[in-house]
Amino acid sequence: MMQSLIEDWFTHRLGHFYWDFLTVRKMGWPMVHAACDFVLPSRMGEVLELGLLLDRIGRSSLNLSIVGTRDGELRFKGRMVAVAFDLATERAVPIPEDLRAALDDYRDACNGPAAAEVARTGAAS
């Protein structure tokens, strides 16, 4: 679920097709750290709303916060670190400049007054 969110985020919000990183640029974005706290149970068939905040842009890594809510109730919150990874050398590489510009724009948009509340509770006040 969280990986699908990240792939959709790349494509629909950042304007960079995730698939192109794998096939054209020969880059992957493996998760090197993931943690998740489940606050309330969710059941099969329930649809959750997912939110993604970009906490930090490093030289080759992204720190992300992800929240899942249903009807305004926080169900889970997670933190992930993804790394830009050269598929041929199997080494971390710097984030490409064109993607970094889109990431900067997204991070700036996330730094509004409600962002901290969303990251903390999963819902804007």
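## Salt bridges and core

Searching the whole structure turns up 6 salt bridges. Please keep in mind that this is a predicted model.

One of these pairs joins Asp55 and Arg79, whose closest N and O atoms are 2.8 Å apart. Asp55 sits in strand E3 and Arg79 in strand E5, so this pair ties together parts that are 24 residues apart in sequence. Asp55 counts as partly exposed, at 37% relative accessibility. Arg79 is also partly exposed, with a relative accessible area of 48%.

Glu97 is exposed because its 58% lies over 50%.

Arg107 and Asp104 are likewise both in helix H3, 3 residues apart, about one turn of the helix. The closest N and O atoms of this salt bridge are 3.1 Å apart. Arg107 is partly exposed, at 24% relative accessible area, and Asp104 is partly exposed too, at 26%.

| Salt bridge | N to O distance |
|---|---|
| Asp55 and Arg79 | 2.8 Å |
| Arg107 and Asp104 | 3.1 Å |

Salt bridges also link Glu46, Arg70 and Arg75 in a network.

Now for the interior. In soluble globular proteins, nonpolar side chains tend to be buried together. Which residues touch the most other members of the largest nonpolar core? They are Trp9, Phe10, Trp29, Leu62 and Leu103, out of 28 residues in this core. At least two core residues come from each of these elements: helix H1 (2-13), helix H2 (18-23), strand E3 (49-57), strand E4 (61-70), strand E5 (73-83) and helix H3 (97-110). Helix H3 gives the most, with 5 residues.

What does Trp9 touch, leaving aside residues up to four places away in sequence? Its contacts are Leu14, Leu52, Leu54, Leu62, Leu64, Leu103 and Tyr106. Leu62 and Leu103, two of these partners, are themselves among the residues that touch the most other core members.

Key: Residues are numbered from 1 along each chain as its sequence is written. This is a predicted model: local features need pLDDT of at least 70, side-chain atom pairs count only at pLDDT 80 or more; totals for chains, interfaces and linings use all residues. Side-chain values use heavy atoms; hydrogens and water are left out. A nonpolar core is a set of buried Ala, Val, Leu, Ile, Met, Phe, Trp, Tyr and Cys residues joined through side-chain atoms within 4.5 Å. Buried means under 20% relative accessible area, exposed over 50%, partly exposed in between (1.4 Å probe, protein chains only). Helices (H or I, at least four residues) and strands (E, at least two) are DSSP runs, numbered from the N terminus. Contact means heavy atoms within 4.5 Å. A salt bridge is a side-chain nitrogen of Lys or Arg within 4 Å of a carboxyl oxygen of Asp or Glu.
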